[in-house]
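Here are my notes for anyone opening this structure for the first time. Keep the view open beside you and take the points one by one.

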Amino acid sequence: MVTKGILLVGGKGTRLAPLTNNTPKPMLRVAGKPVTEHQIIKARNSGITELVLATSYLAEVFEPYFGDGSEFGISITYAVEETPLGTGGAIANAASQLKLRDDDSVVIFNGDVLSGHNLDDQISLHEKSNSDVTLYLTKVQDPRAYGCVPIDQQGRVQSFLEKMENPIADTINAGCYIFRNRAISQIPIGQVVSVERDTFPKLLSEGFNLFGYLDNNYWIDMGTPHSFIKASKDLILNPELSTATSGVVNDSLIGSNTKIHPTAQIGEGSTIGDGVQIQENCIIYGSMISSQATIGAGSEVRDSYIAAGKEVPPNSKLIGQIIGG
Ligand code: GDD
Ligand code: MG
C-alpha cells in the first residue's frame, strides 16, 4: 500500500510570468481550482492519505488555502525551503517529514502537471515489480523540453536524459514518480539536488531498479501561458479528467455577480470570473476572463487570458493572447 505523497510546488514558474508574479504556478486556477487542488484530489482518490507540500517560491500562499487538508479529505503538511533545494533536494527535505521505513514508498508529483493517467495502475506496477522507482512516462512528438527516458521491452529504464537536444526516444518523464525510501535515502539532505540531472543518473549507475509506467492518456505540463489556458479548457470540456472540477454549465464556468449580455456567446471551456462584464455580441471561446474584467461589445476572444480588472475595448479581436498579468 502506498499512502504517502509529496507535491513539488516550489518552482518559480518563470516561463509563466507575469501570471506567476504574485501567484505560484501550482496555485494558478485551471477549471476554477488551483492546479494543486486537482492533484490533491487525484492523489486522494488513489489512496494517498498523507501529503507533504514542498514549497519555496511564495510558500506562504499554500497553507491558508489547503490548511491541514481535512477539507480535502487528506492530511497535509508543509516543508518550506528557505532557498530552493531543486527537485531532488526538495524530495529529500519533504520526505524527512514523513516517517518512512526503508521499504515504504512515496508518490511524488511535479506540481504543474495535469494528467488522466491511471495512478492506481502505476502503484500496482511499482508493487508488482518491486522496483526502487517507478516513473510515469508518456510519449510526445518533441521530447526536447522534457526528460527523455528510454525503456527496454520489460519497461526497465535505460537512461535519464534531461532536456537533450537530440532525444533518443519519444518516451518522456511525465512528472509523477513512486520512490521507495531506500532510493530517497540516496539523495543528500540540505543540498541543492536535481532529481532529473543528479539523482536518476546516479541511481541507474549504481544498479537501482527503475521502471517506466507508460500511459498515453491525457497529459499536460502547464509551464507556458498557452499550455495553462489549454489545461483549463481541456479540464472544463472533459470533467472526467479531474473530479475536482465542478460547476460546468454549457461547456463553461461562470462566476458570481457577472453581467453577461444575452447576445454574447460563451463556450469551448471558457472561465468567466466573478464580477466580469461581457457586453453585447461578444464571442468568448476557450478563454479565461479573470474577475472584474470587462469585454467591450462586439469583441471576439479565443484561447486567450485576460487578467483581473482589465478592460478590453469594443470590437477587439484577441486570439491566443495574454492580456495583463
Ligand atoms: N520545492 C521545490 N523546490 N520544488 C521545485 C523546485 C525547488 O527547488 N524546483 C522546481 N520545483 C517544482 C516546480 O514547482 C514544478 O512543479 C516541478 O518541480 C518541476 O519543475 P519545472 O520547472 O516545471 O520543470 P520542467 O517542466 O522544466 O521539467 C520537469 O517536468 C517535465 C514534465 O513536465 C522535469 O521533471 C522533466 O524531466 C519532465 O519531463
Ligand atoms: Mg514543468
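1. Start with I306: its bridge partner in β26 is I323. This is a predicted model, so please read every value below as computed. The strand to look at is β23 (residues 305-306), which runs parallel to β26 and is joined to it by two bridges.

2. Now zoom out to the sheet around that pair. Five strands make it up, in the order β14-β17-β20-β23-β26, with parallel pairing, and the sheet is open. The edge places go to β14 (252-254) and β26 (322-323); each has a single partner strand, so one side of each has no neighbour in the sheet.

3. There is also an open sheet of four strands. Its order is β15-β18-β21-β24, and here too the pairing is parallel. β15 (259-260) and β24 (311-312) are the edge strands, and because each has a single partner strand, one side of each is left without a neighbour in the sheet. For a detail to check on screen, take β21 (residues 294-295), which pairs with β24 in the parallel sense over two bridges. Within that pairing, T294 stands opposite E311 in β24.

4. Next, have a look at G269. You'll find G269 in the loop between β16 (265-267) and β17 (270-272). Is G269 buried or exposed? Its relative accessible area is 2%, and under 20% counts as buried, so G269 is buried. If you skip the neighbours within four places in sequence, the contacts of G269 are S232, K233, I236, L237, D251, G286 and S287.

5. Strand β11 (residues 171-180) deserves a stop of its own. Ten of its ten residues are buried, so β11 is largely enclosed by the rest of the structure. β6 pairs with β11 in the antiparallel sense, over five bridges, and one bridge to pick out is S105 with R180 in β11. β8 (residues 133-139) is also antiparallel to β11, and six bridges hold that pairing. There, T134 has I178 of β11 as its bridge partner.

6. Those last two residues come up again around Q122. Q122 sits in helix α4 (residues 119-129) and is buried, with a relative accessible area of 0%. Leaving out neighbours within four places in sequence, Q122 touches H117, T134, L135, Y136, C176, Y177, I178 and Y213. So what I'd do is select Q122 first, then colour T134 and I178, which are among its contacts.

7. Then the metal. Which residues coordinate the magnesium ion (ligand 2)? D112 and D221 do, each through OD, at 2.0 to 2.5 Å. D112 is in the loop between β6 (105-110) and β7 (113-115), while D221 is in strand β13 (residues 219-221), so this pair ties together parts that lie 109 residues apart in sequence. D112 is buried, at 8% relative accessible area. D221 counts as buried too, with 18% relative accessibility.

8. Ligand 1 has 27 residues around it, and E81, E162, N173, E196 and D221 come nearest. For polar contacts, a polar side-chain atom of D112 lies 2.8 Å from an oxygen atom of ligand 1. The backbone also takes part: a polar backbone atom of L8 is 2.8 Å from an oxygen of ligand 1, and one of L85 is 3.4 Å from an oxygen of ligand 1. On its own ligand 1 exposes 740 Å², and the protein buries 90% of that.

9. Last, helix α1 (residues 35-45). It is mostly covered, with eight of its eleven residues buried. Which residues of α1 are buried? They are V35, T36, E37, H38, Q39, I40, I41 and A43. Just after α1 comes G47, with a positive phi of about 95°.

Note on methods:
Residues numbered from 1 in each chain as written. Chains lettered and ligands numbered in written order. Predicted model: local features only at pLDDT ≥ 70, side-chain atom pairs only at ≥ 80, totals over all residues. Heavy atoms only, no water. Donors = N, O, S within 2.8 Å, 3.2 Å for Na, K, Ca; no water. Buried < 20%, exposed > 50% of the residue type's maximum accessible area, 1.4 Å probe, protein only. Contact = heavy atoms within 4.5 Å. Near = heavy atom within 4 Å. Polar contact = N/O pair within 3.5 Å; in protein donor to acceptor, adjacent residues only side chain to side chain. Areas by Shrake-Rupley, 256 points an atom, 1.4 Å probe, with all protein chains shown as cover. Pairing = 2+ DSSP bridges.
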